[in-house]
Amino acid sequence: MQDLDNILSSFEGKSGELIPVLQKIQNELGYLSEEAMLRAAEFLNIPESKVFGVASFYSQFRFTPTGRNKITVCEGTACHVKGAKGIKEEISRIKGIEDGETSSCMEYTLEGVACIGCCALAPCITINDDVHGRLDKKKVSDILKEI
Amino acid sequence: MNNSKRTEKVLVCCGTGCVSAGSEKILDSFKKKLSDSDFDVKPTGCHGYCQQGPLVVTEPDGVLYARAGEEDVQEIVNSHIENGKTVDRLLYKDPVTKDPIPRYSEIPFYKKQNRIILRNCGYINPEDISEYEKKGGYLAVRKVLEEMSPEEVIGSIKKSSLRGLGGAGFPTGLKWEFCYNAKSDQKFIICNGDEGDPGSFQDRSVLEGDPHSLLEGMMIGGISTGAVKGYIYVRAEYPLAVKRLNIAVKQAREKGYLGRNIFNSSRDFDIEVFLGAGAFVCGEETALIRSIEGQRGTPRHRPPYPAQSGLWGSPTLINNVKTYASVPNIINNGTEWFTRMGTEKSKGTAVFSLTGEVANCGLIEVPMGITLREIIFGIGGGTTDGSKFKAAQIGGPSGGCLPADMLDMPIDFDSLKDAGAMMGSGGLVVMNENTCMVDIARYFLEFTQKESCGDCSPCRLGTRQMLDILNDIVEGKAKPEDIELLSELADGVKSASLCGLGQTAPNPVLTTLRYFRNEYEEHINDKLCRARKCKALISYKINPEKCTGCRLCFKNCPENAIEGEAKKTHSIIQSKCTRCGICIEKCPPKISAVECYAGVE
C-alpha cells in the first residue's frame with residue numbers, strides 16, 4: 001500500500017492520467033494487481049470497471065507477475081518471413097513454456113510481440129532489455145544457456 | 001587509401017539495430033582511446049544501413065566501416081585516425097567485384113537515395129540540441145514567428161502539396177487550414193508516432209536520430225493553427241526513442257524554445273510525450289485521441305474530424321512523425337524546391353524500411369515515383385543469396401503483396417492504391433520463393449484480427465471468419481468454394497468497417513488473391529504448398545541413396561516416426577510424422593539425406 005501511495009504521489013488525480021498511472025504501477029510492481037487497480041480507481045475518482053476496461057484493452061498491461069527474465073519473440077513481418085515461428089517453438093521446447101506463460105520457478109516468461117522494429121536483424125528476440133538478432137535455432141539455444 | 005583530409009570526427013551509429021549489435025561498446029572504446037585528443041567522438045541516430053551494422057563513419061573524409069567490433073577500434077585509431085590509412089578489411093565490399101568502397105557516398109545503398117527527412121539521421125548527436133542548430137535547426141520556426149503570418153505558412157504547406165506520410169496521404173496543408181479555421185479558445189496538436197505496423201521502423205528512426213526536427217515541425221504547426229499544447233504519442237516498445245524525445249523536449253525547454261514566450265516572442269507552446277500502451281488501432285487518429293484521454297482506444301465515426309473536434313472536444317491537428325519532420329525543410333528551402341521531387345500528385349520523398357529476403361536491409365529515403373525494381377535491386381542489392389524474387393509486401397497489414405511483373409511501376413500514394421496496396425507507414429518486405437503467399441495473407445489477418453478493437457461488427461466478425469477460412473486453407477481442410485467466400489467476406493469487411501483498420505485489413509488477402517490465386521488453388525485442390533511453409537501440405541522423405549544409417553534423425557525424432565536399423569537406410573512413417581523438421585536439421589549437412597517436398601501423398 002505504501003508503494004502504491006508513493007507511485008501515485010507524482011500524479012494529480014485527473015481521469016486523463018489513467019494510462020500513465022497504470023504504466024507507472026506496472027513499471028514499479030511488474031504487473032497490475034487487483035489491489036493496485038482498485039486503488040488507481042479511487043485515486044482518479046473513476047469506476048473500477050473503467051480501470052479494468054482500459055487495462056484489459058491495451059496489450060502492454062498484464063495481470064499476473066512475470067518471471068525474472070522476460071523473453072520476447074518479435075513476430076513482425078520481416079521476422080516472420082525469416083522464421084520467427086521456429087525460433088519461438090525452439091524457446092518453448094527448451095524452457096517448457098508456451099506464449100504468455102511464466103515458468104513455475106518464476107524464472108522465465110515467454111511472449112510474442114508485434115514488432116520491435118529491428119527488422120534488419122530478423123529474426124530477433126529480446127531478453128529483458130537486450131536485443132539478440134540474426135538468430136537461428138542453434139544461436140537461440142546458446143543464448144538461452146547463458147541466462 | 002590515404003586521406004588527404006584528416007579525420008576530425010568519429011560517428012558511431014547508435015540506432016536500435018546497431019546498439020543491439022554492440023555499438024555502444026565501440027563508442028565507449030573510441031571515447032577512451034581518443035579522450036586526450038581533440039577528436040570529436042559522437043553517438044548518432046540510425047545511418048540506415050542496418051544490414052552492415054554496427055556502423056562507424058569518419059568525417060569529413062566520409063569513410064564507412066561496416067560490421068565493426070570493439071576489438072577493431074584500436075586498429076582504426078592507429079591506422080586511419082593517426083596515419084590516414086583506412087582499414088581495408090572493415091570497409092564495405094562491392095558484392096560482385098569484392099573491391100572495398102571506402103566512402104559511404106559511393107556505396108550503391110546510399111548513392112541512389114535522396115535523404116530529406118533523414119538528412120540529419122546518422123550525422124548529428126540526437127541528444128545534443130546544438131548539433132541540430134548547427135545544421136540549420138530552429139531557423140524555420142524563427143522565420144515563421146518573425147516573418148510569416150499563419151495564412152502564409154499554411155499557404156506554403158498547401159502549395160508544397162505535402163501529403164500525410166502516415167500512410168493515407170491526405171493533403172497536409174488542407175488539414176492545417178481546417179484546424180486554423182476552427183473557432184475555439186483551445187486547440188491541440190498531436191504527433192502520431194504509434195508506428196505499430198509489423199515490419200516498419202521509419203518513425204522510430206526519425207525519433208531516435210533527429211527528434212528536434214519533429215519538435216520544430218510541431219512548433220510550426222502549433223504556431224500556425226493556434227495550438228499551444230502538443231502531444232507526441234509514441235510506442236512504449238521504443239524505449240530509446242522515448243528517452244531521446246524526452247531529452248530533446250527538456251533541452252528545448254531549457255533554451256526557451258518550448259514553454260512560455262518561446263524564442264522571446266509573445267507565443268506559448270509546449271510539448272508532452274505520451275506513451276502508447278500497445279494497441280495497433282491507436283494509429284487511427286480518433287482512437288489515439290481517446291487513448292490520450294485515458295480511455296479504451298476505440299475509433300469513432302468521422303465527421304466531426306479531429307481538426308474540428310478532437311482532444312477533449314477541441315480542434316486538434318494530428319500528423320505523422322515524418323510529415324512534421326518535413327515541414328522545417330519546406331519553410332527553409334521553399335515550396336518549389338520540394339515540388340521538384342516526386343510525381344505529379346505525390347511530391348517529395350518517401351521513407352521505407354527495406355527488410356525481408358533482400359541483400360541490403362535498412363532504412364531508405366527515395367523520391368516518390370521511384371520503381372520497386374530500383375529500390376529492391378538498386379538500393380537493396382537484390383534478393384538474399386540471389387534467390388528468386390516473388391513479391392514485395394508494401395504497407396504492412398493495411399497494404400498488399402505486389403508480384404514481379406509490377407516491379408517497374410512507379411511508387412506513389414495513388415499508384416499503390418490502384419494496385420490494391422497502400423503506402424501505409426512504409427514497411428517494404430521483400431519475399432522470395434520460400435515465402436508462401438497464403439501463409440503471408442494469414443499472418444497479416446491474424447494480426448489485424450487480434451488487433452481489431454471489436455467495436456464494429458464487420459471488422460470484429462468478418463476478420464474472424466476470414467481467418468478461419470485461411471487457417472483451413474493452410475491446414476489443407478478447405479473446400480474449393482472457400483476462395484469465393486473469402487473474397488466476398490473481404491469485400492464486405494473493406495466496405496462496411498468503421499475505421500481504417502477494418503477498411504484496409506482485407507488488402508493482404510485481396511492482393512494475394514489477385515496476384516497469386518494459383519497458390520490458393522494449389523493449397524486447396526492439390527494439397528500442396530510450393531514454398532514448403534505450410535506443415536500440413538508438405539512431406540519429409542529420406543533419400544535412400546544418401547542415408548548412411550547414422551541414427552541421428554531416429555534418436556531425435558520426438559514422434560518416433562523414423563524406422564530403420566543402424567548403418568542401414570532409414571525411412572519416415574508418414575502417418576506418424578508431424579513435419580516438425582527436426583530430422584532435416586539433425587541430418588549432418590555433408591549427408592543431407594532428409595528432403596522436404598511440396599505436397600502430401
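B:Thr448 lies in helix 17 of chain B. Helices here are DSSP runs of H or I with at least four residues, strands are runs of E with at least two, and both are numbered from the N terminus. B:Thr448 is buried, at 1% relative accessible area. Buried means under 20% relative accessible area, exposed means over 50%, and partly exposed lies in between (1.4 Å probe, protein chains only).

The side chain of B:Thr448 reaches the backbone oxygen of B:Leu445 at 3.3 Å. Leaving out residues up to four places away in sequence, B:Thr448 touches B:Pro397, B:Leu501 and B:Ala505. Contact means heavy atoms within 4.5 Å.

## About the model

This is a predicted model: local features need pLDDT of at least 70, side-chain atom pairs count only at pLDDT 80 or more, and totals for chains, interfaces and linings use all residues. Residues are numbered from 1 along each chain as its sequence is written, chains are lettered from A and ligands numbered from 1 in the order written, and side-chain values use heavy atoms, without hydrogens and water.

## Where the chains meet

The contact takes 53 residues from chain B and 34 residues from chain A. Together the two chains bury about 3200 Å², 57% of it on carbon and sulfur atoms. In chain B, B:Ala277, B:Arg296 and B:Tyr443 lose the most area to chain A, together 18% of what that side buries. Buried area is the accessible area (1.4 Å probe) that two parts lose on being put together, summed over both.

The interface of chain B and chain A holds 3 salt bridges. A salt bridge puts a side-chain nitrogen of Lys or Arg within 4 Å of a carboxyl oxygen of Asp or Glu. A:Lys82 forms a salt bridge with B:Glu357, with the closest N and O atoms 3.9 Å apart.

Between chain B and chain A, 17 residue pairs are in polar contact (both at pLDDT 80 or more). A polar contact is a pair of N or O atoms within 3.5 Å; within protein, one must be able to donate a hydrogen and the other to accept it, and residues adjacent in sequence count only if both atoms are side-chain atoms. Helix 17 of chain B gives the most to the side of chain B that touches chain A, with 6 residues.

## Cysteines

The count is 0 disulfides over all chains. A disulfide is a pair of cysteine sulfur atoms within 2.5 Å. B:Cys50 is in no disulfide, and the nearest cysteine sulfur, that of B:Cys46, is 4.0 Å away. B:Cys50 counts as buried, at 10% relative accessibility.
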